[in-house]
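Please open the model in your viewer and keep the selection panel at hand.

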Amino acid sequence: MKSDPVVTLALALQHGLSEEEYERILQILGRTPTYPELGVFSVMWSEHCSYKNSIAELKTLPRSGGRMLAEAGAENAGLVDIGHGLAVAFKIESHNHPCAVEPYQGAATGVGGIMRDIFTMGARPIASLDSLHFGSLSIARNRYLLDGVVRGIGDYGNCLGIPTVAGEVIFHHGYSQNPIINCMAVGVVNKDRIASAVAKGEGNTVIIFGSRTGRDGIHGATFASEEISEESESKRSSVQVGDPFAEKLLLEATLELVRSDALIGIQDMGAAGITCSSSEMAAHGKSGIEIDLDKVPLREEGMSAYEILLSESQERMLTVVKKGYEGEAERILDHWELLHERLGHVTIDGMMRVSHQGEVVCEIPANELALGGGAPVYHRQAKRPMSLDQTNIMNLDPYRQDRDWNVALLELLASPNICDKSWVTQQYDSTVRTNTVLGPGGDAALLRVKGTSLGLAMTTDCNPKFVYLNPRRGAALAVAEAARNISCTGATPIAITNCLNFGNPYKPESFYFFKEAVAGMGEACRIFDTPVTGGNVSFYNESEESMILPTPVIGMLGILENLELRVNSYFQHEGDRIILFGMTGADLGGSEYLYHLHNTLAGDAPPLDLEVELRTQICLREAISRGWIRSAHDCSEGGLAVALVECCILNRKSLIGAAISLGESRLHAADQLFAESASRVILSVDPKHLGEVMALAAESKIPAAEIGKIGSDRIIIGPWVDLEVEKAAYTFYNALPKLLKSAISAE
Amino acid sequence: MLVKIVITPKPEILDPQGKAVAGALKDLGYDEVSDVKVGKYIILKLSPSPGLKLEERVDEMCRRLLANINVESYTVEILEG
Amino acid sequence: MRFGIVVFPGSNCDYDCYWGLKNDLGFQVSFLWHRQRSFEDIDCIILPGGFSYGDYLRSGAIARFSPIMEAVLKHARKGSPIIGICNGFQILTEVGLLPGALLRNESLRFIHRPVHLRIEQQDSKFTKGYSVNRTIELPIAHGDGRYFASQHILTELENEGRILFRYSSPEGRLTAAGNPNGSINNIAGICNSEGNVMGLMPHPERRLNASVGGTDGRPLFMSVAEAFA
């Protein structure tokens with residue numbers, strides 16, 4: 001075997017550590033680290049594991065209260081109480097960098113990783129959601145990425161048997177080199193069966209189980225903390241391969257283990273593998289841990305201690321079981337035909353002590369490695385980019401000129417950001433586990449919780465164009481839209497998880513977006529009483545040529561006490577009246593109309609009054625719970641015109657027309673139809689409840705107007721739009737397949 | 001000892017993967033390609049048991065498990081070493 | 001009627017069958033682990049959907065060698081009912097209880113969506129609960145669902161009335177558009193010549209409750225319960 005290289009400052013710098021961090025390591029250890037120790041510090045103090053550049057900002061978010069059971073960051077995923085003795089574990093995580101290099105495996109292991117975060121807590125995963133962002137489909141590489149990512153998500157989730165119930169697919173040229181792939185998972189657990197990622201109790205036994213450890217993914221966490229370049233393309237070896245079949249066995253075995261008397265703590269192995277799981281569990285339990293790497297089942301011969309410690313081979317778990325109960329745990333693992341080995345035991349000296357071939361190769365105080373312990377915390381500089389002011393005040397009037405609004409609407413319906421995404425969602429099983437009441441394509445997904453009357457609503461949302469124009473308000477708008485989507489099913493928002501995708505934090509103009517977005521998100525979450533239960537930060541989403549739009553994805557959870565009191569997003573009955581909650585303003589800034597029809601991203605994000613937004617949603621839910629509402633649909637991308645068409649055609653089996661009249665207004669047609677003003681919802685009601693709904697709106701002090709009636713086979717928005725429903729539906733449903741086909745044959 | 005097994009769809013079975021690859025090769029200008037079959041390639045590492053005929057054993061493995069003989073055909077190559 | 005649901009490593013529709021048969025239809029249901037070599041007091045065996053052994057070699061190819069399959073074959077020979085759904089159908093063809101094979105979807109993609117099915121036989125033990133000349137809607141969720149069989153097997157299936165479900169348009173016409181995966185003769189489900197072993201690709205167990213998609217799957221299980229009571 002090759003001997004380990006000599007550790008020097010130069011080698012530390014190569015590992016992505018700073019000089020200051022290296023000094024700190026020398027101080028902690030009182031000696032030069034061994035090569036494996038250097039590797040351990042470099043991954044544990046990477047942005048991915050330590051959040052060193054983001055944690056100071058994240059701490060400003062509301063991170064407790066409401067129905068939260070565990071404080072953000074304390075466990076693998078956020079945990080909220082949903083009553084009936086149950087809790088929900090949920091979390092969203094990015095897999096951007098692996099997907100940029102190898103989309104299929106990158107996405108598959110993204111799903112696998114987030115699922116493990118959920119079942120590690122003893123929760124059975126019940127749903128998965130994906131927020132995907134790609135560059136333009138006219139570029140072959142982006143189509144390859146889309147295809148690979150969708151297959152990867154599908155193959156993994158489908159095989160595992162967890163339905164993919166919602167999400168979004170967004171296109172903008174800024175994502176060309178840096179696709180943003182965020183996966184969210186939701187699980188349900190009995191409140192008295194929650195497992196913890198903890199190692200405690202001297203002498204208790206540490207067991208590894210699941211797949212063998214190979215050389216794949218070494219330094220994945222460090223890799224995720226760098227910009228993408230040609231060099232990283234050649235780092236393909238650090239992409240891990242997923243095995244959903246192994247994950248399924250891991251899932252069942254873990255849940256059984258959690259129900260047994262043997263379990264003390266359990267943690268999955270994701271980024272930084274054995275290193276991360278063992279040191280975090282020890283730090284969490286205020287204990288030490290001693291493990292022998294010679295016991296780790298390996299896939300390849302001759303692996304060094306460094307490689308074993310840092311391997312990110314997938315589908316592995318680390319558990320601590322009570323001394324004397326090892327046999328019980330091992331019987332469960334044998335039943336599920338999983339490989340397992342006793343690696344070591346828990347100590348009380350607080351050290352993470354690792355031996356290999358009879359020698360101690362790593363001896364570090366566990367707490368020094370962990371988030372909230374010795375890992376560094378930095379306050380980065382933020383500076384508003386000069387160009388933003390000009391963008392914000394740009395005169396948008398030239399884009400308001402009169403045109404054929406029917407044509408404009410049809411073009412928008414065919415925009416990849418607006419059109420139907422069945423091409424994607426049909427590759428996902430969205431109904432396995434038979435809980436899916438409302439699946440992909442509506443405002444939020446809604447799942448039943450078997451054995452209760454409860455419905456769980458969930459969604460992911462973010463309009464990155466708004467965040468780019470105005471990060472603070474854009475992030476607040478993302479929270480508001482997520483909450484609106486949840487409310488449109490009848491459910492009440494209870495908590496969020498977030499995935500913060502930004503550029504290089506060391507560039508002040510890039511960090512500005514992060515800092516502002518976190519502030520805006522915090523403001524909105526306080527208003528909606530939806531604490532941030534956890535999430536993930538992904539920096540460095542930029543390349544030599546391009547930077548992504550800042551993309552703080554919100555994953556939100558809502559609860560509906562009585563599942564029977566839910567509504568759909570589409571129009572149901574001829575003769576029903578259509579009501580618009582909210583006001584349309586001259587808000588073309590950041591709209592899909594500007595982007596898709598005029599290739600422009602300019603202006604400011606639409607104004608947002610959080611109090612009005614909150615009152616609107618409360619009023620909406622109240623009206624739904626009284627049974628007055630037949631459908632409710634959020635009005636967002638593409639504006640009122642697109643939302644109205646969606647209400648008419650989202651039920652593909654039963655298209656229906658509508659006649660709308662928006663009344664007197666000084667607004668230009670472009671704004672009336674396509675402005676993306678916030679806090680708007682389109683409702684349909686039985687005429688007999690019209691008065692009650694309008695009265696409730698007045699009482700709630702929110703703007704509301706009766707704008708039309710359902711019926712016929714045309715969509716009329718007088719005096720600008722008059723379309724056959726069939727034609728609108730055809731355009732909406734065929735756009736994406738057409739786009740993918742025509743782009744391929746054009747090459 | 002190494003045994004290499006190649007499994008391909010039978011000629012009469014529609015092979016959508018083969019069709020897709022053939023189309024892609026044509027698009028790239030390889031007009032000489034008239035047909036493509038996409039199958040599986042399996043490598044077995046084994047030590048032959050005395051008294052058992054290796055060819056027969058491998059053939060049995062193919063028929064019982066490795067190939068679905070209703071829709072797939074296979075060829076076996078035995079390499080010494 | 002007592003249903004036994006076989007659980008292979010990688011099965012993932014096992015619990016859906018269990019929950020629906022028990023709670024929506026009120027049957028007695030139990031799980032059977034694939035390592036069991038026998039089972040008692042089971043009237044109808046269900047091989048559920050999923051990805052047994054990851055479907056890594058061929059869908060269903062490894063599961064057919066599970067220890068329990070000997071007992072399943074014995075159950076079939078006794079004339080007792082067996083239902084294979086999705087991966088279960090694939091296993092039944094691999095083990096030879098049903099003819100033909102299930103190949104990659106023509107689109108080469110996994111497809112999940114509701115499909116329309118035309119009930120082809122009114123008098124089979126699996127379909128007698130459905131009314132004449134109507135179509136039903138069930139979801140499919142598979143990557144390998146393209147039914148294929150040689151010409152002589154097809155002739156036999158057609159002549160003996162063993163094709164129970166075909167993919168169709170909502171009105172019941174056998175169109176290419178109504179055929180999601182390229183199955184030959186639009187075949188979605190068949191039975192053996194004795195009429196006690198049935199396999200289908202769509203998922204009837206996902207249509208047992210009105211709040212999660214509808215109840216078009218109910219008559220199938222009710223038919224079996226009645227026919228084999």
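Predicted model: local features only at pLDDT ≥ 70, side-chain atom pairs only at ≥ 80, totals over all residues.

Which residues of H1(C) are the buried ones? Within residues 14-24, they are Asp14(C), Tyr15(C), Asp16(C), Cys17(C), Tyr18(C), Gly20(C) and Leu21(C), and showing their side chains lets you follow them one by one. Now move on to Gly26(C), which follows H1(C) and has a positive phi, near 75°.

Next, select the whole of chain C, where you can trace five helices and eleven strands. If you look along the principal axes, the C-alpha atoms of this chain fill a box of roughly 45 × 35 × 35 Å. A compact globule with 229 residues would have a radius of gyration near 17 Å, and because chain C has 16 Å, its value agrees with that expectation. Colouring the chain by burial would pick out as buried 59% of the 229 residues in chain C. If you then display the contacts in chain C between residues at least 6 apart in sequence, you will find that 77% of them join residues at least 24 apart.

Now bring the other chains into view and ask which chains share the most contacts. Of the two pairs of chains in contact, the answer is chains A and C. Select this interface, where 26 residues of chain A are in contact with 23 residues of chain C. On the side of chain A that touches chain C, the elements that give two or more residues are helix H8 (140-160), helix H11 (244-259) and strand E13 (436-438) of chain A, and among these H8(A) gives the most, with five residues. Colouring that side of chain A by residue class shows nine nonpolar, ten polar and seven charged residues.

Turn next to the contact between chains C and B, which takes ten residues from chain C and nine residues from chain B. The side of chain C that touches chain B has six nonpolar and four charged residues, with no polar residues.

Terms used. Residues numbered from 1 in each chain as written. Chains lettered and ligands numbered in written order. Contact = placed C-beta atoms within 7 Å. Nonpolar A, V, L, I, M, F, W, Y, C, P; charged D, E, K, R; others polar. Buried ≥ 20, exposed ≤ 12 C-beta atoms within 10 Å, placed from the backbone. Helix = DSSP H or I, 4+ residues; strand = E, 2+ residues; numbered from the N terminus. Rg over C-alpha atoms; globule rule 2.2 N^0.38 Å.
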